[in-house]
Amino acid sequence: MAKADLKPKSIRHAKNWSDEVENLYRFQQAGYRDEFEYKQVKQVDTVECWPETGFVKKLQRRDNTYYYYNKQRECEDKEVHKVKVYVY
Amino acid sequence: MVVEKAAASPPVPVGERRPQKQEPLGRKKKIRQQVTDGFTVKALMKNSVVRGPPLAGAFKERPTKPTAFRKFYERGDFPIALEHDTKGNKIAWKVEIEKLDYHYYLPLFFDGLCEMTFPCEFFARQGIHDMLEHGGNKILPVIPQLIIPIKNALSLRNRQVLCITLKVLQHLVVSADMVGEALVPYYRQILPVLNIFKNMNGNIKMFQTPHSKRRRKDVNSGDGIDYSQQKRENIGDLIQETLEAFERYGGETAYINIKYMIPTYQSCILN
């Protein structure tokens, strides 16, 4: 079964910032759990990312508007604990 | 023969005569001075004090005019929507930025730099940021159309607009290749206002002297803390950063052109 079709088994909140937490923050700002749900909903294979940093560059929201993100870190330390990390 | 004058007062006996009034020693006779404007006949008189020249108004803020950005925004012509998130506000684009016509939209967004009220000010600032971040080689051909909006924003001499415009200029020169060099021919339109505010590193207060009102810089904020440098709102520092960015990304002729408009500027590359 493809991982995108799986539902998460558990959820925890991030404690420290990392590249993965930054990308999760960006997906959750756009209204998705993580990259798996985004690919499942939007039926795309790849997500546009900044080549220099690897962070997500552009996401299409459920209402078909677009969110653009900066090349550098956007998730501040005070927002890190709000980021949810899903475990499959 | 002595002719007595008619109605003359009777002679006063010697013992009752009062001494003549004399000025006390060391005290000069008071001369009434009059304050007058310069280059008049009155100014040539000995007892006149010439008033100083009136303020030219170099630092005075100009009134804002209605912008094309506001007109288009109220009509709903922009493909943007406002989203509220935990950090504050964010722009959601209805159309992909890569598909936008930069010749049409980018000058309009730059025209919104003159705005000072929410949400126009936020949309203009954030829209410019997004378009410059994702524009790539579409930005260079539009540079000539951006000069007039930048000049209009700077000429308002409003502190908030100045800070935002300077940060936009810094982003503009690094947004794509050759943009810094493309700006060099337009320095004579952009830099004069920067020359005026280059030394503004503190708060401006009005001091009234006896003969004229003059504005003087006052960096003495008592026991308060000056957060303007931390928040990147110190205009003098922002101008210095912007000029250094111009010099770094403007090519070989950038420094001499900056020096022509701002003679006190010191190179950050040559020194």
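## Close-ups of a predicted two-chain model

**View 1. A:Lys58 and A:Glu48 pair up within chain A.** In this predicted model, the side chains of A:Lys58 and A:Glu48 form a salt bridge, with 3.2 Å from N to O. The two partners sit 10 residues apart and tie together distant parts of the chain. A:Lys58 belongs to strand β2 (residues 58–60) of chain A, while A:Glu48 comes from the loop between α2 (35–42) and β2 of chain A. As a bit of background, side chains of opposite charge can pair when their charged atoms come close. Look over the whole structure and you get 16 salt bridges across all chains.

**View 2. A:Lys58 also reaches across to chain B.** Which residue of chain B does A:Lys58 meet in a salt bridge? The partner is B:Glu96, and here the N to O distance is 2.3 Å. So A:Lys58 turns up in a salt bridge with A:Glu48 and in one with B:Glu96, given that the rule asks for a Lys or Arg side-chain nitrogen within 4 Å of a carboxyl oxygen of Asp or Glu. Between chain B and chain A, the tally is two salt bridges.

**View 3. Where chain B touches chain A.** Here 16 residues of chain B are in contact with 19 residues of chain A. The size of an interface is often given as the accessible area lost when the parts come together. For chain B and chain A that comes to about 1500 Å², with 46% of it on carbon and sulfur atoms. Six residue pairs make polar contact across this interface, counting pairs with both residues at pLDDT 80 or more. The top contributor is β4(B), with four residues. Sorted by class, the side of chain B that touches chain A has eight charged, five nonpolar and three polar residues.

View 4. Rolling a probe the size of a water molecule over the atoms shows where empty space is left. A search of the whole structure turns up one cavity of 30 Å³ or more, and the volume of the largest cavity is about 30 Å³. Its lining is made up of B:Gly112, B:Leu113, B:Glu115, B:Glu121, B:Ala124, B:Arg125 and B:Ile164. Helix α3(B) gives the largest share of that lining, three residues. By class, the lining has three nonpolar, three charged and one polar residue.

View 5. Most residues other than glycine have a negative phi, and most peptide bonds are trans. Which kind of peptide bond, cis or trans, joins B:Phe118 and B:Pro119? This one is cis, with omega about 0 degrees, and B:Pro119 lies in the loop between α2 (102–111) and α3 of chain B. Over in chain A, A:Asn64 is not a glycine, yet has a positive phi of about 70 degrees. You'll find A:Asn64 in the loop between β2 and β3 (66–68) of chain A.

Conventions. Residues are numbered from 1 along each chain as its sequence is written. Chains are lettered from A and ligands numbered from 1 in the order in which they are written. Side-chain values use heavy atoms; hydrogens and water are left out. Contact means heavy atoms within 4.5 Å. Buried area is the accessible area (1.4 Å probe) that two parts lose on being put together, summed over both. A polar contact is a pair of N or O atoms within 3.5 Å; within protein, one must be able to donate a hydrogen and the other to accept it, and residues adjacent in sequence count only if both atoms are side-chain atoms. Helices (H or I, at least four residues) and strands (E, at least two) are DSSP runs, numbered from the N terminus. Ala, Val, Leu, Ile, Met, Phe, Trp, Tyr, Cys and Pro count as nonpolar, Asp, Glu, Lys and Arg as charged, and the others, Gly among them, as polar. On a 1 Å grid over the protein atoms alone, a cavity is a set of points where a 1.4 Å probe fits but cannot get out, and a pocket is an open set with protein on both sides within 12 Å along at least five of seven lines; lining residues have an atom within 4 Å of a point. Grid points are joined across faces, edges and corners, and a volume is the space filled by probe spheres set on the points.
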